[in-house]
Amino acid sequence: MPVIDVHTHMLVDGYVERLAAHGGRYEVRQVAEHHNGHRDPIIAIRDLDYGVNAPWSAMYDWELRLRKMDEAGVDVALVSLTAPQANWGDAEVSTGTAAMVNDALAEQHAQNPDRIRFLATLPWPHPDRAVVELRRAAGQGAVGVTVLANIDGVTLAAPEFEPVWREIAELELPVLIHPTAPPGVEQIARHGLHNAVGFHFDTTHALERLVALGHLERYPTLRVIGSHAGGFLPFVLGRMEMYRTVSTRSPRDYPGQLFVDSLAFSPEALDLTVRKMGAEHVLFGSDYPHNGDVDRMARFLGMVDALSPDEQAAVRGDTAAKLFTR
């Protein structure tokens with residue numbers, strides 16, 4: 001069974017330039033030193049010491065990606081655009097950005113059909129446009145969808161996004177939920193906890209809202225994957241079930257619909273994630289090549305190899321192969 005990386009990113013030519021011109025609250029910021037001495041620019045929120053992405057050279061280097069996949073033993077990469085995706089600009093800018101990204105990733109899939117697949121980027125702030133772009137991207141070969149854990153502060157479970165979820169469920173495309181700046185980011189960033197804590201809260205909250213407000217129940221073909229081991233989800237499941245203030249639903253009620261990736265950052269945390277979620281609900285993810293780290297695939301796959309043989313098989317690719325069947 002092939003090893004499948006469900007959480008891995010690339011940038012495409014023109015994205016950063018487009019964001020610099022139309023990004024609104026986002027800007028491309030030069031920094032003197034960032035992330036282990038790298039001096040590349042970052043994509044940041046204006047007036048905040050908060051970087052949401054960085055256009056490292058590895059984000060554009062497909063030959064390097066394929067080489068690192070070979071070195072790590074990763075067979076297939078399900079590539080997606082990371083934050084802030086296309087959730088900025090007016091309807092034309094947002095839709096055009098999503099289409100530009102999908103076109104570029106579809107081209108890479110065409111060039112490397114056995115190694116590169118992609119998750120569709122959508123203009124989520126404009127749901128009608130998002131539905132149209134979803135259909136177009138699916139026609140190009142998208143095997144899933146990527147979405148940020150909140151859309152400019154609005155929960156994914158908000159009524160305005162219902163048409164998008166309905167279409168995703170109709171197409172039976174899995175959805176990778178990726179964190180971004182969470183509500184209250186101004187306070188979190190002030191203490192430097194936006195990535196270490198804020199991102200995990202953002203993902204956890206998004207998953208909890210989709211469960212509590214009935215999306216998984218309403219759309220039984222909907223399958224969602226929480227990145228970074230689902231945020232805090234595996235660790236707070238019991239507490240969530242004790243304090244059910246919105247509904248009686250629990251994430252455990254949807255075993256065929258709710259998944260997380262393996263990016264728990266330590267063997268101990270990954271072991272707990274597998275114990276709480278079940279190995280058949282954990283998929284390998286590397287977050288390559290964030291922080292300019294081009295050896296992430298090998299390192300995080302090594303953590304998976306510490307699991308039992310049956311657990312390894314499920315996490316390394318068995319479950320992903322069943323989910324991403326297009």
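Me: What makes the largest nonpolar core in this predicted model a core, and which residues have the most contacts inside it?

Reply: The model is predicted, and the largest nonpolar core has 94 residues. A set like this counts as a nonpolar core because its members are buried nonpolar residues joined through side-chain atoms within 4.5 Å. Those with the most contacts inside this one are Tyr-15, Trp-124, Trp-165, Ile-168, Val-175, Ile-177 and Val-224.

Me: Which residues does Trp-165 touch?

Reply: Leaving aside residues up to four places away in sequence, Trp-165 touches Trp-124, Leu-156, Val-175, Leu-210, His-215, Tyr-219, Leu-222 and Val-224. There's also a second, separate core of 13 residues, with Leu-78, Leu-119, Val-143 and Leu-283 among them.

Me: Why is Val-147 called buried?

Reply: Buried means under 20% relative accessible area, and Val-147 has 0%, so Val-147 is buried. Val-147 sits in strand β7 (residues 144-148).

Me: What does Val-147 touch?

Reply: Not counting residues up to four places away in sequence, Val-147 touches Gln-85, Trp-124, Leu-156, Val-175, Leu-176, Ile-177 and His-178.

Me: What makes strand β5 mostly covered?

Reply: Look at the tally for β5 (residues 76-80): five of its five residues are buried. Val-76, Leu-78 and Ser-80 point one way, Ala-77 and Val-79 point the other way, and all are buried. As a rule, side chains in a regular strand alternate between the two faces of the sheet.

Me: How do you know that β5 pairs with strand β1 and with strand β6?

Reply: β1 (residues 4-9) and β5 have four, in the parallel sense, and Ile-4 stands opposite Val-76. β5 and β6 (residues 116-120) run parallel and are joined by three, so they pass the cut-off of at least two as well. Here Leu-78 stands opposite Arg-117. From β5 the chain crosses through helix α3 (residues 91-111) to β6, a right-handed β-α-β crossover.

Me: Why are β1 and β13 said to stand at the edges?

Reply: The open sheet has eight strands in the order β1-β5-β6-β7-β10-β11-β12-β13, with parallel pairing. β1 and β13 (282-283) each have a single partner strand, so one side of each is left without a neighbour in the sheet.

Me: What makes β11 and β12 a pair?

Reply: Again it's the bridges: three of them join β11 (residues 224-226) to β12 (residues 258-261), and the two strands run parallel. The cut-off is at least two, so they count as paired. For Ile-225, the bridge partner in β12 is Phe-259.

Conventions
Residues numbered from 1 in each chain as written. Predicted model: local features only at pLDDT ≥ 70, side-chain atom pairs only at ≥ 80, totals over all residues. Heavy atoms only, no water. Buried < 20%, exposed > 50% of the residue type's maximum accessible area, 1.4 Å probe, protein only. Contact = heavy atoms within 4.5 Å. Right-handed = clockwise from strand over helix to strand, strands pointing away.
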